[in-house]
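Please read the following explanation alongside the sequence and the coordinates. The paragraphs go from domains to the chain contact, then to a sheet and some local backbone features.

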Amino acid sequence: MTSVPQVRSQAGPPVLDVTDLSVHFSAGGRLLGRGRDVVRAVDGVSLRIGQGEVLGLVGESGSGKSTVGRAVAGLLRPTSGSISLGGREITRLSRSQMRPLRRDVHIVFQDPYSSLNPRMSIGAIVAEPLRQHGVARGRERDRQVDSMLAKVGLRAQLRDRYPHELSGGQRQRVGLARALVLRPRLFVADEPVSALDVSVQAAILNLLTDLQEEMGFSCLFIGHDLSVVEFISDRIAVMYLGKIVEATTRLRLFEQPQHPYTQALFSAAPLPDPPLQRGRVRIVLSGDLPSPLDPPSGCSFHTRCPVAVERCRSDEPALTEVTGPGHAVACHLVDEHGPPDVAAAVAAGTAGTKEDRVHDQA
Amino acid sequence: MSALLEVDGLGVTFTTEDGPVHAVNDVSLTIQRAQILAVVGESGCGKSVTAMSIPGLLPENAQVSGSIRLEGVELTRLGAGELRRLRGKQVSVVFQEPMTSLNPAFSVGYQIVEVLRQHERLGRRTAARRAVELLELVGIPAPSRRLREYPHQLSGGMRQRVMIAIAVACSPKLLIADEPTTALDVTIQAGILDVMRTLRAELGTAIMLITHDLGVVADIADRVVVMYAGRRVEQAGVDELFAQPQHPYTLGLLGAVPRLSVTSGARGRLTEIPGMVPSLHEDPDECSFAPRCPRAAADCRAHRPALRAVRDEHLAACFHPGPVRP
């Protein structure tokens, strides 16, 4: 399987290098531990993030995007594969070996309330990483906390307040301040704006853009909203059922989405422009996301794909740069001439039920 | 023919330990048959309270003033029993979280059949047949098999389809959908929006859609009401509103949404709306949006601007309206 292509030219090793990462969870099991069911939450994901680069990881619920984020942040142990931070393999490190590396990677979560300790003041929350890693003490620590609060746009008076006294947007700013106060090399943002109102979301996205430019950290930005991920990212990887199905620069993904799932995602996101929205051909996917307990054979998207053929049922497509360097896609129907026109197939009504088509092909 | 729903001068005040909260002030709106009206705004703007006052689903500490008429019948004066009958037959509600609205102990089929037997007085067999038709209407494959399943066996999208099937079981004239797709993935959302289009086309159902998502509004609404701090700030047809937004708050909302159509290589900037939503404890005589508004002037702080026609069929509550982005 090809790694996600690197677009920027790099000096030195990438900040994050994930190779063939799999995370499987056991889901209960039968009597006497025989034949345990395994959820393949992440199944063979490879990606790289260069210095100062923002990689967006987009997918719907159950795609495994958050699990990738947690594995990268060292919050869960992968089943197989490797994760390197700044050239150093972290998946087999012990807790104590991992500890100094935790300075280099930080994560923020969707719900800014449940991830802040309600008994700690804002100042203490932001000071905590500095204390944990023994980076600064006394006045120097206070100074760094104040400077970080200012960077995320919080008034210094809020230092002595508690999380419940803050609005959702302010809490997410505190989360950012805590994650960035150690100046990590990699910042994992897991749906950081999904719980916020649009006007607050806009402010946090602008802030994140500014901070990234100012501090130069690399970022893995995880989201379900294509327009949000597109706004913030340099490159984007699309996940479906534990696998990356397409990855390229943000502009290319927007201009030439190739994988039928990516095309469906774009088509399903309604544009805030009524005449434009009315004129679009919508690709409405049939059925639900299959269970990751029992993923489909072949291409995992074939059960919902409007253009799937017989081969998609049996052969798993590899993530390859079919149409040119810098654009990887895992689909049998993408060739050097480009992607299948899923919208046209839907509009022409040739995308009948999957059963019909598979019979035709057979 | 008069409008299906006429809300006139609606006010809702909640009595709380910290004093009264004026959640909704002077909201008037109409919905025609088979029309989709979107009510848009951010958390706390009063959109859900406005909607829930129609079927009488507000908590006991709410005081409702003004008038709500459905086909000329005043709803604010109905008793509990009459409201219950109204909710079954004429007005139904679909909520954001379908799991908490379905009873986990009963099969999907039982829950639909129960509604039909209660409200439509159908026999067991007729009701079962109708239940299959309803699941087909909302696009659930293999409906007879699904009827025997329990809510936990269904995905989020399927549960929301079941909720809509139950809501339209008695062919209500008005369906109130409160953030019906917010908890769902975008590809599933597309299917649910299609179901709502089908209801309008095939059953002539009018829909009041409560949402914060301007993309959903653009996709499905005919008319739009924008709310801020418990009041209407702008109201227009959907094309007009997006093409010629007049109120600075509407402009702020439109500018805050990242757009997929950005074609330049450089990252854009999103419009921020500085400050925070005002407290609803007081109700001063000034524009509620003035503290956050780039156009605010002395007049905005001296009086509350009334909602007035700024263009044809286009109302805005602003002393300085206009489509220039702040």
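Two residues are in contact here if their C-beta atoms, placed from the backbone, lie within 7 Å. The model is a predicted one, and the contact criterion is applied to its coordinates in what follows.

An automatic or database assignment divides chain A into domain 1 (12-26 + 37-104 + 186-195 + 216-255) and domain 2 (258-362). Between the C-alpha centres of domain 1 of chain A and domain 2 of chain A the distance is 24 Å. Across this boundary, 21 residues of domain 1 of chain A are in contact with 20 residues of domain 2 of chain A. On the domain 1 side, at least two residues each are supplied by strand 2 (38-49), helix 7 (226-232), strand 9 (235-240), strand 10 (243-249) and helix 8 (250-255) of chain A. Strand 10 of chain A provides the largest share of that side, 7 residues. Sorted by class, the side of domain 1 of chain A that touches domain 2 of chain A consists of 10 nonpolar, 5 polar and 6 charged residues.

Helix 1 (residues 65-72) of chain A is a case for the burial count. A residue is buried if 20 or more other C-beta atoms lie within 10 Å of its own. Of the 8 residues of helix 1 of chain A, 8 are buried, so the helix is largely enclosed by the rest of the structure. The buried residues include two charged ones, Lys65(A) and Arg70(A), as well as Val68(A) and Val72(A). Just after helix 1 of chain A comes Gly74(A), whose phi is positive at about 75°.

The next topic is the contact between the chains. This contact takes 36 residues from chain A and 38 residues from chain B. Helix 7 (156-167), helix 8 (186-203), helix 9 (214-220), helix 10 (238-243) and helix 11 (248-256) of chain B each give at least two residues to the side of chain B that touches chain A. Helix 8 of chain B gives the most, with 6 residues. By class, this side of chain B has 17 nonpolar, 12 polar and 9 charged residues.

Chain B also holds an open sheet of 4 strands in the order 2-1-4-5, with antiparallel pairing. Strand 2 (19-31) and strand 5 (73-74) of chain B stand at the edges with a single partner strand each, so one side of each has no neighbour in the sheet. Strands of a sheet pair through backbone hydrogen bonds. Strand 1 (residues 5-16) of chain B pairs with strand 2 of chain B over 9 bridges, and the two form a hairpin with 2 residues between them. Within this pair, Phe14(B) has Val21(B) of strand 2 as its bridge partner. Strand 4 (residues 62-70) of chain B pairs with strand 5 of chain B over 2 bridges, again in the antiparallel sense. There, Leu70(B) is bridged to Val73(B) of strand 5.

Which phi values are positive in chain B residues other than glycine? Ser171(B) has a phi near 45°, and Glu179(B) has one of about 50°. Ser171(B) sits in the loop between helix 7 and strand 7 (174-178) of chain B, while Glu179(B) is in the loop between strand 7 and helix 8 of chain B. Ser171(B) has 13 other C-beta atoms within 10 Å and is partly exposed. Glu179(B) has 19 C-beta neighbours inside 10 Å and also counts as partly exposed, because a residue needs 20 or more to be buried.

Conventions. Residues numbered from 1 in each chain as written. Chains lettered and ligands numbered in written order. Predicted model: local features only at pLDDT ≥ 70, side-chain atom pairs only at ≥ 80, totals over all residues. Pairing = 2+ DSSP bridges. Buried ≥ 20, exposed ≤ 12 C-beta atoms within 10 Å, placed from the backbone.
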